[in-house]
Amino acid sequence: MSSQISDSLPQLKLTIEEAAQKITQGGVVAIPTETVYGLAADASQPEALKRIFSIKARPADHPLIVHIGSIDQIKDWARDIPEMLWPLAKRFWPGPLTVILKKQPHVSEIITGGQDTIALRIPNHPKALQLLVALKCGLAAPSANSFGRVSPTSAQHVIDELGDDIDGIVDGGDCTVGIESTILDLSVVKTNSEMPKILRPGQICQQAIQDCIGSTLSTARQQTTRAPGMLKAHYAPQTPLLLLKKSVLESQLKDYLAQGLKVNLWSVSRPIIEHDNLFWQQSSVDSGEFARKLYHQLRLFDSSQADITLIQRPQGLSDWEGVLDRLERAGASFSQDIWLNKSPKEQS
Ligand code: TXA
Ligand code: MG
């Protein structure tokens, strides 16, 4: 990381009052949430919303989440609200749950990507909540990264990637959850006999949602491709990534090193092999800690200039749903076969 980049953090840092003022004036400001940093603008200002898309290089049909400061604001954005929203909101908000509901007619198409629905969440970060209270408006905020890349979990990550393009940042420290919110589609629930669907897994797992609403979620395949969480390759690091079972990890590692490749390895135990071309970091057996470190680790691995990153596939139950989803998507563009007996420079 260059000192020039690091030095720009103090200049971009804003107090809550300064951030509120910039946003009111149509600015785009990076804000902390408990999941990942967001790129925030006033959800009622079309020009500011357009800037979010241009800063992220995000296609216009990928809708934005509107962050609100209290449950009372839901009706300002959504209509035909199913009864089961209220126990969910009470149980999980503020927190890492985003709900999809039918939108109010006034909601800008820029936010919804032309869909008839709106994504809402109350984030659980003191600075985000202070800002929402100060502003009293909805804040449209996607993750503060370029489209398709790894989400930022610290102010420095945002500065490194988008520092030149934003109007400032509220530094709220490292994100405590570390992966994006669980997205639950409630817009399909017209009566209490139709069940919502999870569009993007996260820290709040299927079982916890089911326990809250007292019924089983629909697992029918989602038809829309408009949630990037549904795109197969997403959350992508620059270094090719392979997710491997513990049983094959050491042998694959040996093969790649024998081919002269530089390898990043994130695994629970130190590998038996030691090698100058191996950069090993220890992963956690705790899903919360793994999630908290995941995006930082992927960024660190990208900066190590290795040819390939190997990650030990975590074994676990429902608390790993979100992490496994991100790991699989982060590795989805890279096939294991293409790496065997071929140097990365030969890859097209
Ligand atoms: O944790 C999070 O959710 C973070 C923080 C900043 O709140 N935000 C975030 O935003 O991850 P973004 O834009 O990177 O991902 C939001 C996801 C996208 O997959 C988007 O397509 C989906 O939510 N989404 C938004 N509105 C939707 C809608 N009306 N219907 C279906 N999916 C929607
Ligand atoms: Mg995102």
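Student: What does Gly 288 count as at 24% relative accessibility?
Tutor: Gly 288 counts as partly exposed, because buried means under 20% relative accessible area, exposed means over 50%, and partly exposed lies in between (1.4 Å probe, protein chains only). This is a predicted model, where local features need pLDDT of at least 70, side-chain atom pairs count only at pLDDT 80 or more, and totals for chains, interfaces and linings use all residues. Residues are numbered from 1 along each chain as its sequence is written, chains are lettered from A and ligands numbered from 1 in the order in which they are written, and side-chain values use heavy atoms, leaving out hydrogens and water.

Student: Which helix does Gly 288 lie in?
Tutor: Gly 288 is in helix H11, residues 287-303. Helices (H or I, at least four residues) and strands (E, at least two) are DSSP runs, numbered from the N terminus.

Student: How far apart are the C-alpha atoms of Gly 288 and Gln 203?
Tutor: They are separated by 7.9 Å, with the two residues 85 apart along the chain.

Student: At what angle do H11 and H12 cross?
Tutor: At roughly 35°, and the axes of H11 and H12 (residues 321-331) come within 9 Å. Axes are lines fitted to C-alpha atoms, for helices over the stretch in contact, and angles run from 0 to 180 degrees between N-to-C directions.

Student: Which residues of H11 and H12 make the contact?
Tutor: Ser 287, Phe 290, Ala 291, Leu 294 and Tyr 295 of H11 meet Val 323, Arg 326 and Leu 327 of H12; contact means heavy atoms within 4.5 Å.

Student: New topic. How do H2 and H7 pack?
Tutor: H2 (residues 16-24) packs on H7 (residues 126-135) at about 50°, and their axes are 10 Å apart. That angle makes H2 oblique to H7, since under 35 degrees counts as roughly parallel, over 145 as roughly antiparallel, 65 to 115 as roughly perpendicular, and the rest as oblique.

Student: Which residues of H2 are in that contact with H7?
Tutor: On the H2 side, Ile 16, Ala 19, Ala 20, Ile 23 and Thr 24. H7 brings Lys 127, Gln 130, Leu 131, Ala 134 and Leu 135.

Student: How many residues of H8 are buried?
Tutor: Six of the eight residues in H8 (155-162) are buried. They are Ala 155, Gln 156, His 157, Val 158, Ile 159 and Leu 162.

Student: And how many disulfides are in the whole structure?
Tutor: A search finds zero, taking a disulfide as a pair of cysteine sulfur atoms within 2.5 Å. Cys 137 counts as buried at 15% relative accessibility, and Cys 175 counts as buried at 4%.
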